[in-house]
Amino acid sequence: MTVRAQEERIIEVQGHSINVYTSGWEHLKDGVPTVIFDGGSTVPIKGWGKVITEVAKKAPVVAFDPPGIGKSEWDGQRPTLEIMNQRLYDVLEAIEAKPPYILVGHS
């Protein structure tokens, strides 16, 4: 999958539509961490506001709407730690975001 420098799009993860935002992809190089903004099970991409824009000036960033929030389809699953970890892994794999990663949680 080719990712543009800044892009918001719907991808399929575990058979459901997930809204993903990427920015700063021009910084995607070996050794440069990809910064992942994770809003847990309730915070949409828009909840990160200008933070993503500022960080994307120096590093690649990824954020996505959790299932049933924003533009992402509800997947019918209770958001356990195992399910959320697998979903994050599947999103990163689908958009070809390579490690190292820095995970930024909302709360």
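## Salt bridges and cores in a predicted model

Biologist: Which residue forms a salt bridge with Lys57, and is Lys57 buried or exposed?

Modeller: The partner is Glu54, and the closest N and O atoms lie 3.1 Å apart. Lys57 counts as exposed because its relative accessible area is 51%, and the cut-off for that class is over 50%. Glu54, at 45% relative accessibility, is partly exposed.

Biologist: And what about Arg87 and Asp75?

Modeller: Their side chains meet in a salt bridge as well, at 2.7 Å from N to O. This pair links distant parts of the chain: Arg87 belongs to helix 2 (residues 81–94), while Asp75 sits in the loop between strand 4 (61–64) and helix 2, twelve residues away. Buried means under 20% relative accessible area, so Arg87, with 6%, is buried, and Asp75, with 12%, is buried too.

Biologist: Now the nonpolar side. How should I read a core?

Modeller: The general idea is that nonpolar side chains in soluble globular proteins tend to be buried together. Here, the largest nonpolar core has 13 residues, and Ile11, Ile18, Val20, Val91 and Ile95 have the most contacts inside it.

Biologist: Which elements each supply at least two residues of this core?

Modeller: Strand 1 (6–13), strand 2 (16–23), strand 4 and helix 2 do. Helix 2 gives the largest share, three residues. There is also a second, separate core of ten residues, with Phe37, Ala59, Val61 and Ala63 among them.

Biologist: Could we zoom in on Ile18? What is Ile18 in contact with, leaving aside its neighbours within four places in sequence?

Modeller: The list includes Ile11, Phe64, Pro67 and Val91. Arg87, the salt-bridge partner of Asp75, is also in contact with Ile18.

Biologist: How many residues of strand 2 are buried, and in what sense do strand 2 and strand 4 pair?

Modeller: Six of the eight residues in strand 2 are buried, so that strand is mostly covered. Strand 2 pairs with strand 4 in the antiparallel sense, over four bridges. To find your place there, look for Thr22, which stands opposite Val62 in strand 4.

Technical notes: Residues numbered from 1 in each chain as written. Predicted model: local features only at pLDDT ≥ 70, side-chain atom pairs only at ≥ 80, totals over all residues. Heavy atoms only, no water. Salt bridge = Lys/Arg side-chain N within 4 Å of Asp/Glu carboxyl O. Buried < 20%, exposed > 50% of the residue type's maximum accessible area, 1.4 Å probe, protein only. Core = buried A, V, L, I, M, F, W, Y, C linked by side-chain atoms within 4.5 Å. Contact = heavy atoms within 4.5 Å. Pairing = 2+ DSSP bridges.
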